[in-house]
Amino acid sequence: MASISSLGVGSNLELSTLLTQLQTAESQPLVALQQRQVSYTSKLSAYGTLQSSLGTLQAAAKKLSDPALFQGVKAASSAADVLTAAAGSAATAGTYAIQVTQLAQSQSLVAAGQASTTSAIGSGTITIDFGAITGGTLDAATGTYTGAGFTPDTARTAVPITIDGSNNTLAGIRDAINAAKAGVSASIVNDGSGTPNRLVLTSSQTGETSSMRVSVAGDAALQNLLNNDPAGTQNLKQTVAGQNAKLTVNGIAVTSASNTVKEAIQGTTLTLLKTGASNLSTEADTAAVESAINDFVKAYNSLQATANKLTTYDQDSKTGAALVGDSTLRNLQTRIRQALTTPQAGGPNDMKVLSEIGVAFQKDGTMAVDSAKLKSALASNLAGVSGLFASATGSTAGYGKQLSALVDNLTSTGGALKVASDGMTASLKQLDEQYADMKTRVDAKVERYRAQFTQLDLLMSQMNSTSNYLTQQFASMQSSSK
């Protein structure tokens, strides 16, 4: 059977154009479905944007709902080069005169010099324990004690360190001590002498009770190098004594094994940097509360800006944003506004509305902060501001708690925004199914048109061929008769 390579060739008709026009006409319902898909997708995306803005507002509200925010205390040192301080939730307001007379430091011991770091010394077991050196006198020149005692720190367990043929050099001993994590840092210092390589042991912790006692079981050479008992044989030289930090707080003597001194002042941690004097003040951290309230107002205004953007109507193009006229958004805005304008319960002297701290609604629906009024409220009645936003566990009072709970209600299962989003998702799924079904039907109909047009084209081609043949035959007959 003859075939047509291009639709319309056989008949000289614009069948291809006609088929395209028919396909376009049949596809109009698909276009309408696509437009609805675009609209629903835009709406679903808008709900997602709205939920993100609500999440930001909820985070700001949750911060204000925590009573601990309003109990914060900040500490300020008059001499930050002498000490710094950090106040915790248990700190209270006060002023303190502090005199640092001694910093805590770690004990450091040094061994006799060795000609090489890679020559074998001896084998055995090194045990380092910690404690306090008591009594006696220290010879600063030799770095050794006379008549001293050693009181072990029973809270710390000594770690045995094995020295054998694999690590019996000075470098190997250093590495073995460090690998044992025994509370000691080992290093080698070259002093430039004839036997320059000297093993240095430094306690990892500061304080008097972190002084070291080193005992060696094994070869005499290893014992002679490292055995060191402040109350007995001392083969190591003490170059730095382990000592506690010493300070006075308002004239009261305080000692600490570390330069980080906790609870000398209740709820406050001091970090000592050098000897000297400093005045420390601790006071309520109203700056953190002020910042949190400003962040809350910004988050609310950002939500309003998002809502306005999603409901804008362009008069020129006659097009509206995704949520123009959307009841879910209107309901959401109304409920949040109502929550923030409903007075809090409380006694006659308690704060009940946001305007009392300088936070007020504007004509355009946003909120504004009167910074001077807010600062005044925080300075004069921090507890009242706390009650306005936060409450103890089990209570639902406070704008922070109430708004956070409202956002949960709107966005959780069964909530207005969640229901609207799920509805859009379900509608999009239905539209996808409708589009697929309709596309199948349209494609089938177009293929029927194509088959019919092909048959028409082939029939017209055959008829044209027959016409041409007959014309030729008539012409030939006329020519023969002449």
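In which strand does alanine 87 lie? Alanine 87 belongs to strand E2 (residues 83–87); helices (H or I, at least four residues) and strands (E, at least two) are DSSP runs, numbered from the N terminus. Bear in mind as you look around that this is a predicted model, in which local features need pLDDT of at least 70, side-chain atom pairs count only at pLDDT 80 or more, and totals for chains, interfaces and linings use all residues. Residues are numbered from 1 along each chain as its sequence is written, and side-chain values use heavy atoms, with hydrogens and water left out.

With a relative accessibility of 24%, alanine 87 counts as partly exposed (buried means under 20% relative accessible area, exposed over 50%, partly exposed in between, with a 1.4 Å probe and protein chains only). Setting aside neighbours within four places in sequence, alanine 87 is in contact with Val73, Lys74, Ala75, Gly267 and Thr268, where contact means heavy atoms within 4.5 Å.

## Helices H5 and H6

Now turn to helix H5 (residues 286–310) and helix H6 (residues 327–341), whose axes come within 11 Å and cross at roughly 155 degrees. Axes are lines fitted to C-alpha atoms, for helices over the stretch in contact, and angles run from 0 to 180 degrees between N-to-C directions. H5 and H6 are therefore roughly antiparallel to each other (angles under 35 degrees count as roughly parallel, over 145 as roughly antiparallel, 65 to 115 as roughly perpendicular and the rest as oblique).

On the H5 side, Phe296, Tyr300, Leu303, Gln304 and Ala307 meet Leu329, Gln333, Ile336, Arg337 and Leu340 of H6.

## Aromatic pairs

Across the whole structure, a search finds three aromatic pairs. Rings of Phe, Tyr and Trp (its six-membered ring) pair if their centres lie within 6.5 Å; planes under 30 degrees apart count as stacked, over 60 as edge-to-face and the rest as tilted. Phenylalanine 296 and phenylalanine 389 make an edge-to-face pair, 6.3 Å centre to centre with 75 degrees between the planes. Phenylalanine 296 is in helix H5 and phenylalanine 389 in helix H8 (residues 382–389), so this pair ties together parts that are 93 residues apart in sequence. Phenylalanine 296 is buried at 2% relative accessibility, and phenylalanine 389 is buried at 1%.

Tyrosine 300 and phenylalanine 361 are also edge-to-face, at 5.7 Å centre to centre and 80 degrees between the planes. Tyrosine 300 counts as buried at 2% relative accessibility, whereas phenylalanine 361 counts as partly exposed at 22%. Finally, ring pairs link Phe296, Phe389 and Tyr399 into a cluster.
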